[in-house]
Amino acid sequence: MTTENRTIKLKVKRQECPQAKPRWEEFQMPYRPYMNIVICLREIQKDPRTSDGKQTTPVVWECGCLEEVCGVCTMLVNGKVRQACSALVDEMGDEITLEPMTKFPIVRDLVVNRSRLFASLKRVSAWIPFNSAKDIGPGPRIPPQQQQKDYVLATCFSCGSCLEACPQVNERSNFIGAMPINQARLFNDHPLGKPDAVKRLKALVDEGGIEDCGNTQNCARACPKHIPLVDSLAEMNRQITRNLLRLFRD
Amino acid sequence: MKIPLHFILKRLHSFTGFLPIAAFLTEHMFSNFYILQGPEAYNARIELLSNLPFVMFMEIGLIALPILYHAGYGFYIVFTGKDNLAWYPYRQNWFYTLQRWTGLLAFAYILFHLYQTKGSEFLYGKEVNYARMAEIMHVPGFLWFYLASFTAIMFHFANGLWGALIGWGAVTSDAGRRVSGWICALAGVTLYVMGVSALLTLAK
């Protein structure tokens with residue numbers, strides 16, 4: 001493959017601010033081996049000029065870890081949700097479109113506000129309810145089998161891919177998506193999280209909760225960490241079924 | 001106490017699907033299967049069913065109301081979804097979209113089927129029996145509509161049953177989903193073959 005004369009075309013959906021109208025801009029840059037989308041966007045930053053030579057503002061995007069563990073560079077690459085840092089140009093072809101995620105309010109260009117994910121984590125009490133300045137001794141032991149299982153659930157970095165790929169998450173529904181449901185499972189599984197287990201289930205049966213799941217299973221396919229999200233949804237459904245009567249109590 | 005109404009309505013939708021409606025569908029396909037034994041057997045079966053005690057209450061309470069509720073809430077579910085097959089053309093995503101379209105077709109079909117059977121009996125006094133059903137099936141348009149609707153309904157039934165197993169937490173693993181998927185598919189295909197063979201016998 002000749003690398004010298006290959007040109008990468010980047011079509012970026014741009015929007016100055018939440019109120020502004022979105023528009024498309026096309027950029028060109030020479031191909032470099034092992035390029036990813038972040039490198040392409042940095043290339044634009046150096047000299048923000050569209051394909052037809054017009055001067056423009058640099059494309060705004062977020063990135064943190066550059067190794068697919070922080071989630072902030074999540075965007076639509078050729079229409080599909082993924083992290084810009086792990087999206088290699090070699091897999092994409094020479095014409096690439098970039099769009100911001102559609103299930104979150106837009107901030108600017110490729111940056112969206114993902115705070116609804118944090119709100120969902122608060123809703124399902126995705127934490128261990130023990131906190132003390134005093135030494136309360138070691139926690140209960142967790143068997144290694146459970147550690148291994150829960151570790152996978154804990155690799156979620158709140159990127160929002162599962163919500164983006166979910167047809168049930170849209171402006172006509174309040175569905176919280178798979179991510180907080182998986183976190184509820186993680187903390188319901190933890191021995192110190194168990195005291196709040198029913199509280200989490202109650203949060204899941206409220207409006208926009210687990211019942212809005214449409215069994216598309218796109219979430220598990222879209223998850224960059226391959227978290228078994230369908231298992232998590234089913235497991236929480238099972239816990240709800242088992243605690244059916246408790247949900248109506250107090 | 002805060003009653004989780006949203007949750008109850010959705011689970012009721014699921015429940016009506018896999019209990020009264022699926023049970024009725026199964027019964028209906030078994031009854032239709034008598035068509036293969038000829039007009040006498042089928043007419044005797046209709047006679048038997050229509051002479052069950054409290055048959056009208058059973059028809060309304062165990063068949064009509066569950067179907068109406070399931071369809072009504074189903075319309076709401078269709079409204080709250082926004083399919084994205086173009087970007088995520090996965091098998092299960094196809095099933096999700098098909099589940100919605102087959103549901104809509106099934107409801108349209110049920111209304112039409114009801115009009116052709118009970119409706120015609122009530123309005124024009126055309127008794128529902130082997131001869132009447134054979135008369136309908138000899139119109140190619142009706143036969144094709146029935147065949148298409150059967151396909152849709154059996155898919156909706158099998159996929160819905162499979163989804164309900166996840167929705168109630170009966171199946172929580174990938175292997176479980178695979179096994180239960182084949183079982184649900186087998187149940188759907190069995191009822192489909194029974195239904196279609198009855199239709200084709202009528203159309204002969």
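Author: Start with what pairing means: two strands pair if DSSP finds at least two bridges between them. Keep in mind that this is a predicted model.

Reader: OK. What is the order of the strands in the open sheet of chain A?
Author: The order is β2-β1-β5-β3-β4, five strands with mixed pairing.

Reader: Which ones are the edge strands?
Author: β2 (23-30) and β4 of chain A, each of which pairs on one side only.

Reader: And how much are neighbouring strands turned against each other?
Author: On average by 35 degrees, if direction is ignored.

Reader: How many bridges join β3 to β4 in chain A?
Author: Four, and the two strands run antiparallel; β3 of chain A covers residues 74-77. One pair to look for is A:L76, whose bridge partner in β4(A) is A:V81.

Reader: What about the hairpin of β3(A) and β4(A), how many residues sit between the strands?
Author: Two residues lie between them, and A:N78 in this hairpin takes a positive phi near 50 degrees.

Reader: Which strands does helix α1 of chain A lie across?
Author: Helix α1 (residues 37-46) lies across β1 (7-14), β2, β3 and β5 (95-99) of chain A. Relative to β2(A), the helix runs at about 95 degrees.

Reader: Switching topic. How is chain A divided into domains?
Author: Domain 1 is 7-112, and domain 2 is made of 115-130 + 139-248. Their C-alpha centres lie 30 Å apart.

Reader: How many residues does each domain of chain A give to the contact?
Author: Domain 1 gives 12 residues and domain 2 gives 12 residues. On the domain 1 side, strand β4 (residues 80-83) of chain A gives the most, with three residues. By class, that side of domain 1 has five nonpolar, four polar and three charged residues.

Reader: Is A:H226 buried or exposed, and why?
Author: A:H226 is exposed, because 10 other C-beta atoms lie within 10 Å and a residue counts as exposed at 12 or fewer.

Reader: What is the phi of B:F54?
Author: B:F54 has a positive phi of about 55 degrees, although it is not a glycine. Its place is in the loop between α2 (39-50) and α3 of chain B.

Reader: Buried or exposed, that B:F54?
Author: B:F54 counts as exposed, because it has 9 C-beta neighbours inside 10 Å.

Note on methods
Residues numbered from 1 in each chain as written. Chains lettered and ligands numbered in written order. Predicted model: local features only at pLDDT ≥ 70, side-chain atom pairs only at ≥ 80, totals over all residues. Buried ≥ 20, exposed ≤ 12 C-beta atoms within 10 Å, placed from the backbone. Domains from an automatic or database assignment. Contact = placed C-beta atoms within 7 Å. Nonpolar A, V, L, I, M, F, W, Y, C, P; charged D, E, K, R; others polar. Axes fitted to C-alpha atoms, helices over the stretch in contact; angles between N-to-C directions.
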